[in-house]
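The entry comes first, and the notes follow by topic.

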Protein chains: 2
Amino acid sequence: MDRHSSVSARSSPSSLRKRGRPTADERRRRETEILTTALSVFLKSGYGGSTLDELAAAARVTKRTLYTFFGDKAGLFAAMVTDLAAAVSLDAAYDSDTLETLATRIISRVHSDELVGLHRLVIAESTRFPELARILHSSGDARHIARLAEHIRTERGPASESLAEPLFSLLLGEKHRRRLLGIDPAPTAAQAAAHADAALRLLGLGRH
Amino acid sequence: MDRHSSVSARSSPSSLRKRGRPTADERRRRETEILTTALSVFLKSGYGGSTLDELAAAARVTKRTLYTFFGDKAGLFAAMVTDLAAAVSLDAAYDSDTLETLATRIISRVHSDELVGLHRLVIAESTRFPELARILHSSGDARHIARLAEHIRTERGPASESLAEPLFSLLLGEKHRRRLLGIDPAPTAAQAAAHADAALRLLGLGRH
DNA sequence: TTGTAATGACACCGTTTCGTATCATTCTAT
DNA sequence: ATAGAATGATACGAAACGGTGTCATTACAA
């Protein structure tokens with residue numbers, strides 16, 4: 001058997017992977033690579049449309065490795081979603097912002113191709129994976145609404161705190177439904193800012 | 001709809017149907033039955049999860065008939081969605097209502113299990129069937145927003161007409177995201193009315 | 001009347017896909 | 001040092017599934 005001649009053309013050093021048990025480092029690196037590439041594959045083809053061979057090839061591992069890591073296809077999907085949901089909820093570099101910029105950032109985030117695609121995936125599989133739907137909602141929407149409530153409270157007093165949830169609905173808006181349906185592209189930064197401003201003004205939270 | 005109630009004939013199974021070419025009546029009856037049962041099957045298992053044998057058995061026809069009617073699985077799915085989308089857009093027995101009752105009816109409609117499930121299906125398959133996504137949006141959301149705009153204009157004047165879209169977003173609300181994710185059940189009539197009232201007040205459209 | 005289209009029942013085919021098996025190989029754990 | 005676990009490469013099995021073929025049978029159309 002001709003050793004390794006097929007991989008000599010690849011430029012990435014990570015593809016010159018030897019056989020045998022990997023080092024602990026390699027093992028960790030590989031796990032994250034599997035999850036990130038799995039996301040891109042699932043986003044492209046959906047859960048049912050993605051095959052294990054496709055997922056394995058994208059991560060440059062064999063199916064065997066996928067099974068030792070995640071048990072089966074459903075396990076890989078669940079791991080991918082929970083991992084990404086955790087990343088979303090940790091995405092909180094926006095503590096010291098004004099309500100306007102916070103709203104703008106939330107819009108850019110929830111309308112991004114990545115998050116819209118993830119929502120599509122989880123909505124599509126919400127029957128098979130109800131737990132993932134709950135996880136995604138808790139670490140996404142619920143977290144965003146809590147952030148908005150916090151800012152509104154400090155800037156406007158506790159009486160206006162109940163505006164956080166309707167405000168979030170307006171930040172999504174009809175635009176987000178078209179995003180989920182694949183009709184609209186992601187908004188530009190300028191569009192996000194304008195949208196945020198309009199939503200805040202509608203609820204009497206805008207700057208005067 | 002016209003659910004052929006040969007339920008009691010379960011004992012003498014579906015083979016009570018004769019072979020050979022059906023009458024024109026039977027043909028029409030069968031087409032609607034196929035579409036309605038296809039909806040329930042797709043809602044239960046999703047597009048990829050539903051098999052042709054399952055769909056055929058649910059409609060009490062053979063795969064052969066499905067192919068003569070719709071060509072292939074995708075054709076059946078498309079026919080089912082467009083048929084239902086048309087039904088939604090014709091669901092306009094609410095012309096002479098006040099804004100409050102119109103909003104309440106829209107809430108009950110868009111939060112219904114049927115429409116939420118249809119949205120889930122189309123969102124899940126929006127890559128494979130982009131045209132269906134556009135059709136559903138045009139005959140659903142766009143139509144609802146137009147109705148709201150019409151009522152707002154006649155009751156409040158053309159200046160407030162731009163409130164129709166944000167109002168619709170509030171009528172969906174965070175609740176609808178949880179509906180899509182399968183977290184919440186459909187709202188009761190009382191909840192729908194309360195929700196409508198709260199949304200209208202937020203935008204200054206409520207009664208005083 | 002006569003040909004044709006549609007249907008049920010059922011078998012069948014080819015492909016896809018999940019999940020395992022095998023074997024050599026390399027690292028980890030003890 | 002030695003056993004065991006993890007991996008690459010590859011092939012394979014078993015099942016599911018989309019779609020078609022066949023034949024008898026019935027209604028429609030010309």
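**Aromatic contacts**

Over all chains, a search of the whole structure finds 12 aromatic pairs. Rings of Phe, Tyr and Trp (its six-membered ring) pair if their centres lie within 6.5 Å, with planes under 30 degrees apart counted as stacked, over 60 as edge-to-face and the rest as tilted. The model is predicted, so local features need pLDDT of at least 70 and side-chain atom pairs count only at pLDDT 80 or more, while totals for chains, interfaces and linings use all residues. Residues are numbered from 1 along each chain as its sequence is written, chains are lettered from A and ligands numbered from 1 in the order in which they are written, and side-chain values use heavy atoms, with hydrogens and water left out.

- Phe69(A) is buried because its relative accessibility is 18%; buried means under 20% relative accessible area, exposed over 50%, partly exposed in between (1.4 Å probe, protein chains only).
- Phe70(A), at 14% relative accessibility, also counts as buried.
- Phe69(B) and Phe70(B) have ring centres 5.7 Å apart and planes at 45°, so they form a tilted pair.
- Phe69(B) is buried at 18% relative accessibility, and Phe70(B) is buried at 14%.

**Cluster**

- One aromatic cluster is formed by Phe42(A), Tyr47(A), Phe77(A) and Phe129(A).

**Charges over rings**

- Arg27(B) has its charged end over the ring of Phe69(B), 4.1 Å from the ring centre; a charge sits over a ring if NZ of Lys or CZ of Arg is within 6 Å of the ring centre and within 35 degrees of the ring normal.
- The charged end of Lys73(B) lies 4.8 Å from the ring centre of Tyr47(B) and sits over that ring.
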